[in-house]
Amino acid sequence: MNQNNWSFEEEEDFGVALSQRTEELYRVPNREVNHEGLIEAWAVPLRDLVIFPRMVSPIFVGREASLLAIQAAQLNDQTVIGLTQRNADEDAPDVDGFLPIGVEMAVGRLLNMPEGSSSALVQGRRRVEIVEFIQVKPFLRVRVRPMPEAKDADREMRALMRSVLDTFDQCVHLDRALPEEAYLYALNINEPGWLADMIASTLSIDALEKQKLLMLSDPTTRLQQLHILLAQEVDVLELENKIHTRVQSEMNHSQRDFYLREQLKVIQTELGEGDIWQQDVAELREKIKKAKLSKEALETAEKELARLEQMPPMAPEVGIIRTYLEWIIDLPWGKLSKDKLDVRHAAEILERDHYGLKKVKDRILEYIAVRSLKPKKERQPILCFVGAPGTGKTSLGRSIAEALGREFARVSLGGVRDVSEIRGHRRTYIGALPGRIIQTIKRAGKANPLFMLDEIDKLGSDFRGDPSSALLEVLDPEQNHAFSDHYLEIPFDLSKVMFITTANSLYDIPDALLDRMEVIEFPGYIEEEKLAIADQYLIPRQIAESGVHDLGLRFSVGSVQSIIRQYTYEAGVRNLEREIGRVCRKIARLKAEGKRYPQQITARTIEKLLGPPQYFMSQIEDEDEVGVATGLAWTVNGGEIMAIEVAVLEGKGNLQITGNIGDVMQESVQAGLTYIKSRARDFEIPLEVFDRMDIHIHFPEGAIPKDGPSAGITLTSALFSALTGHPVYRDVAMTGEITLRGRVLPVGGVRDKILAAHRAGIKVILLPEKNLKDLVELPKSARHDLKIIPVKHMDEVLKIALAPEATIEPPRPRVKDEEE
């Protein structure tokens, strides 16, 4: 049985019919108890429905057993027992599937429903306790005991009833489904149990809570539990009322806006101004026509404009579509800068702005020359400038753009970890925008700018994707003619863009990305180049920026050399310019304070203005020494000379290496030592030396990490010197990798190494024969002052670098006494 909205088949007045059916219920008498105080009656299962005493409620009769039980009771003008099911989903519950407390109820006339079932009105009479089930089939019959209730109310009970009524009054006012008459009816009930049952049957609470109330036989406990439920219901109803009020207010505001806008439309029409919304749409349509959009872009723009036109002006999506259309319109579809293809003019600009960098300038001039011969050349070069900080990579990009007559666009990729920074965000996200590529193209205003991707080796990757993978399409000439941004989702042609990337190191660039670029290395500036750059660019700029251009300041060559050697340590010229700027600012302060200031800047002036030197140049040894050889090293800041020291002392044949060196350099030590051991007889070195003497090799400046194979021949020379007593000439420096057979292999960084040796006062340099090709880049002064000897084998190195005669007794293990 379920509660249901019942209806009449006969056409009669609803109020009269309901009154007649209710009177029928009251005419059915309660069953009389036997001598044991028990009642036997037919039982009707109630599913998902709780009937309270004295309450009238419709029921829906669907099960055959229930229908038979009601018909049997009505034949004898008797009541039935309503049994509440614990689980409403069970169609045929057993005797344990009912609550232990039921309700005696009178059943009115059965009415047939259109779907073949029946309905009836029932009235609860009193609570009964189920004693036993007498009959189960064909329908239920039970023996029950009536549960009498106290009808009088003491002072505490009356206070509780009044509190319950006040809370119920709040529910009636807040719940639009409850009629005002419900509170009036409850107000006239004097019995506490009746009041609790009446309010419980009226509230829209969960069936389980109603079952709990039905099980409470004590009126006081029932009213207290009902009071708690009423308080919870008031809280929920107040929240619903707030939400309803807010929604209604917003709806009223929207309706008011709509009404005012309709009035505004009429006023504008009368004034001949037209609709502002339609004017905006018409303006967008005109912009789309004027923009030289691609076929795909035009189709997408027209489709989105049609959607926009059909929307009300206040729709949330209007702003999203309008922003999208404006991005499409503002992009430079087909807008190209006219390239300047005058090779001489380009060469003048590049020479004007930058000193040296011959390889880069030649590559740009070659590109301009090819374009002048083949103007319709589609493929653009994709260059990667690699070099230490401060070597002019970014500034050269600006000069190239000026030489070509193109717009210059730059994006810094340092620290970028999100792939959306490159490809943009999907339009489904709030605040979505195109990626940096499309944004920068829009700012440039041309479809063929010179686009510089700075710090490409600083790209990162995390859970948001790998930006370097997104750049594969951007920097691939076979794909970038149809670059697709996630926000636009329209192919944009990047094939006419000239991309230049910059990096400090190639090791952090993925191979697939590196393969798409033409790498041009920016070597560190040598001292001669720094002097020229300071004289032509840095000094005039800093004098002008410091406001001392009218003081007649002159920097001598010695002063600039002093700054380079003693106050900076770098491959580029940024710190050099900073120090020159410091000198100019200090002179500006002296001028402003009315003090004397020098006009001729010398090395001595530099020390007075900048303080004690911060760096010290490496110098050659004071004299020829045994076990000390001078090697040549390369760093990102240029070349250095490095003395390698070897000591041989009595021990147990151990080899100790100190000086913070890497694995490759340790392997070079092992290779050099093995070479000497293999030639020990030729060198007249007893083999017992290697078993009974310890060898300690030290690379000075232990705080600086060192690695690489180029110190191979240097440390082998120092080892040979320490084992034989022949000193190494102090003015001879060397570099080269050694093999186990004594062959000398080529190394890198030759130009910087030789220049460092030249500055330190070295006279002779031993160089692998295959490195002679690198001497082309040497300044003439270095080639003139230095004696550079190519070598192929370690034997040649030892003949040139070591003195022919030993100056000390070579270390040998002590001869053991017979007694020992």
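Trainee: Which helices and strands do the buried residues of helix 16 pack against?

Mentor: First, the ground rules. This is a predicted model, in which local features need pLDDT of at least 70 and side-chain atom pairs count only at pLDDT 80 or more, while totals for chains, interfaces and linings use all residues. Residues are numbered from 1 along each chain as its sequence is written, and side-chain values use heavy atoms, with hydrogens and water left out. Helices (H or I, at least four residues) and strands (E, at least two) are DSSP runs numbered from the N terminus. Contact means heavy atoms within 4.5 Å. The buried residues of helix 16 pack against helix 14 (420-423), helix 15 (436-444), strand 10 (450-454), strand 11 (483-484), strand 13 (498-503) and helix 17 (511-514).

Trainee: Why is helix 16 described as largely enclosed by the rest of the structure?

Mentor: Buried means under 20% relative accessible area, exposed over 50%, and partly exposed in between (1.4 Å probe, protein chains only). Helix 16 (residues 467-474) is largely enclosed because six of its eight residues are buried. Those are Pro-467, Ser-468, Ala-470, Leu-471, Glu-473 and Val-474.

Trainee: What does Ser-420 touch, leaving aside residues up to four places away in sequence?

Mentor: Ser-420 touches His-425 and Gly-435. Ser-420 is in helix 14 and counts as buried, at 15% relative accessibility.

Trainee: How many salt bridges are found in the whole structure?

Mentor: Side chains of opposite charge can pair when their charged atoms come close. The criterion for a salt bridge is a side-chain nitrogen of Lys or Arg within 4 Å of a carboxyl oxygen of Asp or Glu. A search of the whole structure finds 42. One of these joins Glu-351 and Lys-361, at 3.4 Å from N to O. Glu-351 lies in helix 11 (residues 343-353) and Lys-361 in helix 12 (residues 358-373), so the pair ties together parts 10 residues apart in sequence.

Trainee: Are Glu-351 and Lys-361 buried or partly exposed?

Mentor: Glu-351 is partly exposed at 48% relative accessibility, whereas Lys-361 is buried with a relative accessible area of 5%.

Trainee: Which salt bridge links distant parts of the chain?

Mentor: Take Arg-679 and Asp-795, whose side chains meet at 3.2 Å, N to O. Arg-679 is in the loop between helix 22 (663-678) and helix 23 (688-692), and Asp-795 is in helix 27 (residues 794-801), 116 residues apart. Arg-679 is partly exposed at 21%, and Asp-795 is partly exposed at 26%.
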